Each structure stands twice: as structure tokens, then as C-alpha cells.
Amino acid sequence: EALLVLAKLHESTVDDPEVRNEYQCICEEIEVERSFGSRTYVECFRGTNLKRTLFALFTGNGAAFTGTYSITYYAPSIFQQAGVGSTSISLATSGASNILVLVVTLLTVLFIDRLGRRGIFASGALIMGLSMYIVGGLFQGYSIIDDEGNVGLSNKHAQACVIAFVFIFQAAYAYSWGPVAYIYPAEISNMRTRAKVIALAYGLNWAIGIFMTFVMPIFMDNTIYGGYYFFAACCSVLFIGSFWLPETKGK
């Protein structure tokens with residue numbers, strides 16, 4: 001059955017020497033893996049596997065620290081603070097930003113193997129970080145609070161900029177850390193530890209993402225702009241860390 005699948009992937013037949021060779025290599029790899037006994041999570045942190053696992057954890061969990069979960073979940077509130085208008089309009093604006101995310105993600109998946117990994121991580125973190133610094137600065141400089149305690153922006157140009165940079169932030173995530181943080185951990189780990197490394201990377205990703213969604217309301221209640229600066233700082237760390245990642249394009 002595996003041989004048939006490989007033949008379909010190569011758009012050839014089961015008698016193709018290239019298909020047979022790949023099939024044989026996979027069988028030999030499986031036999032080698034089995035000779036080492038059962039897999040454990042401890043193995044992910046031994047020898048050269050440790051470095052691979054740390055790279056996978058950095059990229060998988062770094063995606064959660066960008067602030068994307070908080071920005072996406074609370075986008076309607078952010079757009080309202082930016083002066084979009086009624087709740088229904090802010091929800092529609094939030095929906096539009098999610099459509100943008102879908103389109104950009106599809107484009108990234110199509111062209112990922114031409115662009116590489118490390119450059120995408122670095123540029124995505126840079127754009128997201130700058131976007132959050134700008135949004136935080138605009139809220140710090142132009143925010144006003146009405147008699148009912150609602151936050152708003154006093155300058156119409158600042159309102160437009162906040163909306164624009166939230167869109168830019170989400171598009172940058174969809175182009176970089178969104179899809180590529182799922183690809184990279186699978187590529188950097190070896191076949192024997194791959195399943196467990198991916199489980200660690202993505203399991204912690206969602207745990208951190210849930211934590212961040214609880215953190216954002218605290219930021220919004222206690223500081224108008226602090227949350228944006230926090231996520232900007234996280235993106236700055238991710239930008240610097242990206243230059244230490246081994247490139248896996250084409251390997």
C-alpha cells in the first residue's frame with residue numbers, strides 16, 4: 001500500500017526505480033529506528049536531539065507569544081476603541097481581517113518552498129513587532145476615556161492607523177509565524193523523535209495561547225497600551241532569535 005502511495009506521489013508506477021529506491025530507504029529507516037527500542041520524551045532532550053527540540057519549541061511557542069491569539073480574539077474591542085463605530089461594524093471589520101489572514105496563509109503555503117524559513121520568521125517578527133509598537137504608541141499618545149470609562153482615540157488619523165496596523169499585524173502573522181511555525185518543527189526534528197517533538201511544540205503553543213487570552217483583558221483593564229508594547233517586545237526577541245535558526249528549505 002505504501003509503495004502504491006509513493007508511486008502516485010511520483011506520478012509513476014511501482015516498477016519505477018526511483019519509487020523503489022525511496023520505498024527501500026523508508027523501510028531501512030524504520031528498521032534502524034526499531035533497533036533503538038521504544039521512543040520516549042526524554043530522548044527528545046538527549047544529544048543532538050536537544051538542539052532540534054529547542055528550535056522546535058522556540059518556533060512553535062514563539063508563535064503564541066506574538067500576541068496573535070489576543071489580537072484576533074479581542075479585535076472587535078480594539079476596533080471599537082479605534083473608533084470604528086458600533087459593535088456590529090467592529091465585528092464586520094474583525095471578520096474582514098480574518099478573511100485577509102486566510103488569503104495570505106494560502107499564498108504563503110503556495111510559495112513557502114521558494115522563500116525559505118529563517119527569512120520569513122525574521123521578517124514576520126519584524127513587521128509584527130513594529131506594528132505593535134506603533135499601535136501602542138498611538139494609544140499612548142491619543143487615547144481618551146469618556147465619562148462611562150470607554151477608551152477611544154482623539155485623533156481620526158490615529159484611529160485609521162490603528163486599524164491599518166492591526167490588519168498589517170495579522171497579515172504578517174499569516175505570512176510567517178502562523179503557517180511556518182507548524183512546518184518548521186516537523187522539518188528540524190528527526191524521524192524518530194518527530195511525533196513527540198511536534199506534540200511538545202504544538203501542545204505548549206495552545207497552552208500559551210490560552211494563557212495569553214486571559215492576560216489581554218488584564219492589560220486592557222489596567223493599561224491602555226501596555227499589552228501592545230508587551231507583544232512588540234516578544235516579537236523583538238523572536239526577530240533576534242530567528243537568525244540562529246538553521247535553514248531547512250529544500251532539505
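What pLDDT does the protein average, and what share of the residues score at least 70? This is a predicted model, and its average pLDDT comes out at 86, with 95% of the residues scoring at least 70. Helix α1 (residues 2-9) has the highest mean pLDDT of the protein's elements, at 94, while strand β2 (residues 151-153) has the lowest, at 69. Keep this in mind as you look around: where pLDDT is low, the predicted coordinates should not be read in detail.

Now for the overall picture. You'll find 11 helices and two strands here. If you walk along the sequence, the order is α-α-α-α-α-α-α-β-β-α-α-α-α. The C-alpha trace spans about 75 × 40 × 30 Å along its principal axes. The protein has 251 residues, and 40% of them count as buried. What about contacts between parts of the chain that sit apart in sequence? Take the contacts with a separation of 6 or more: 74% of them come from residues 24 or more positions apart.

Let's zoom in on one pair of helices, α3 (residues 48-65) and α10 (residues 194-222). Their axes come within 8 Å and cross at roughly 25°. Angles under 35 degrees count as roughly parallel, so α3 and α10 are roughly parallel to each other. The crossing of α3 past α10 is right-handed. Which residues make the contact? On the α3 side they include Thr 53, Ala 56, Leu 57 and Phe 65, and on the α10 side they include Val 197, Leu 200, Ile 208 and Met 212. Sort the residues of this contact by type and you get 11 nonpolar, five polar and no charged.

Leaving out residues up to four places away in sequence, Thr 53 touches Cys 44, Phe 45, Val 197 and Leu 200.

For a contrast, head over to Glu 11, found in the loop between α1 and α2 (17-35). Its relative accessibility is 76%, so Glu 11 counts as exposed. Most residues other than glycine have a negative phi. Glu 11, although not a glycine, has a positive phi of about 55°.

Key: Residues numbered from 1 in each chain as written. Predicted model: local features only at pLDDT ≥ 70, side-chain atom pairs only at ≥ 80, totals over all residues. Heavy atoms only, no water. Axes fitted to C-alpha atoms, helices over the stretch in contact; angles between N-to-C directions. Helix = DSSP H or I, 4+ residues; strand = E, 2+ residues; numbered from the N terminus. Parallel < 35°, antiparallel > 145°, perpendicular 65-115°, else oblique. Left-handed = near helix turned anticlockwise from the far one by under 90°. Contact = heavy atoms within 4.5 Å. Nonpolar A, V, L, I, M, F, W, Y, C, P; charged D, E, K, R; others polar. pLDDT = per-residue confidence, 0-100. Buried < 20%, exposed > 50% of the residue type's maximum accessible area, 1.4 Å probe, protein only.
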